[in-house]
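Welcome! Let's take a friendly look at how the inside of a protein chain is put together.

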Amino acid sequence: MKGEVIGEIRSAGGGLAVSLDRNHEGAVNWQGENNVIELLNIPGIYQSPGTTIYFTSRPANSDELGPVTADGDESIELVLYGLEFNSDECP
């Protein structure tokens, strides 16, 4: 998949909001961005808003979701766990 990092959803816990380059089942419109998912396990070098990333993923399980703060926007329903990442091409 290909997406652009939007940024944090909440002050602690969880993943980052990522806008995918195409529609994906479960992705939502969020803060003016289309096809948004929550992506966990993004390496630090790819976490800056505006960064384009290519990645493989699978649905996150309950252990990976971990504790999150209550100050986030929980309208993003699809939470994926990133497996492989690249900045140039799909891994």
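What follows is a short tour of the nonpolar cores and the aromatic rings. Please keep in mind that this is a predicted model. In soluble globular proteins, nonpolar side chains tend to be buried together. Here, the largest nonpolar core has 14 residues.

**The largest core**

- Val18, Ile37, Leu39, Ile42, Ile53, Phe55 and Phe85 are the residues with the most contacts inside the largest core.
- At least two residues of this core come from each of strand 2 (16-20), strand 4 (33-40), strand 5 (52-59) and strand 6 (79-86).
- The biggest contribution is from strand 2, which gives 3 residues.

**A separate core**

- Another core, of 6 residues, lies apart from the largest one.
- Its members include Ile9, Ala17, Val28 and Ile76.

**Phe85 and its surroundings**

- Beyond its neighbours within four places in sequence, Phe85 is in contact with Leu39, Leu40, Asn41, Ile42, Pro43, Tyr46, Ile53, Tyr54, Phe55 and Pro91.
- Is Phe85 buried or exposed? Phe85 is buried, and Tyr46 is buried too.

**Aromatic rings**

- The model has 2 aromatic pairs.
- One of them joins Tyr46 and Phe85 in a stacked arrangement, with 6.3 Å from centre to centre and 25 degrees between the planes. The pair counts as stacked because its planes are under 30 degrees apart.
- This pair links distant parts of the chain, as Tyr46 sits in the loop between strand 4 and strand 5 while Phe85 belongs to strand 6, 39 residues apart.
- Through ring pairs, Tyr46, Phe55 and Phe85 are linked into a cluster.

Conventions:
Residues numbered from 1 in each chain as written. Predicted model: local features only at pLDDT ≥ 70, side-chain atom pairs only at ≥ 80, totals over all residues. Heavy atoms only, no water. Core = buried A, V, L, I, M, F, W, Y, C linked by side-chain atoms within 4.5 Å. Buried < 20%, exposed > 50% of the residue type's maximum accessible area, 1.4 Å probe, protein only. Helix = DSSP H or I, 4+ residues; strand = E, 2+ residues; numbered from the N terminus. Contact = heavy atoms within 4.5 Å. Phe/Tyr/Trp six-rings, centres within 6.5 Å; stacked < 30°, edge-to-face > 60°.
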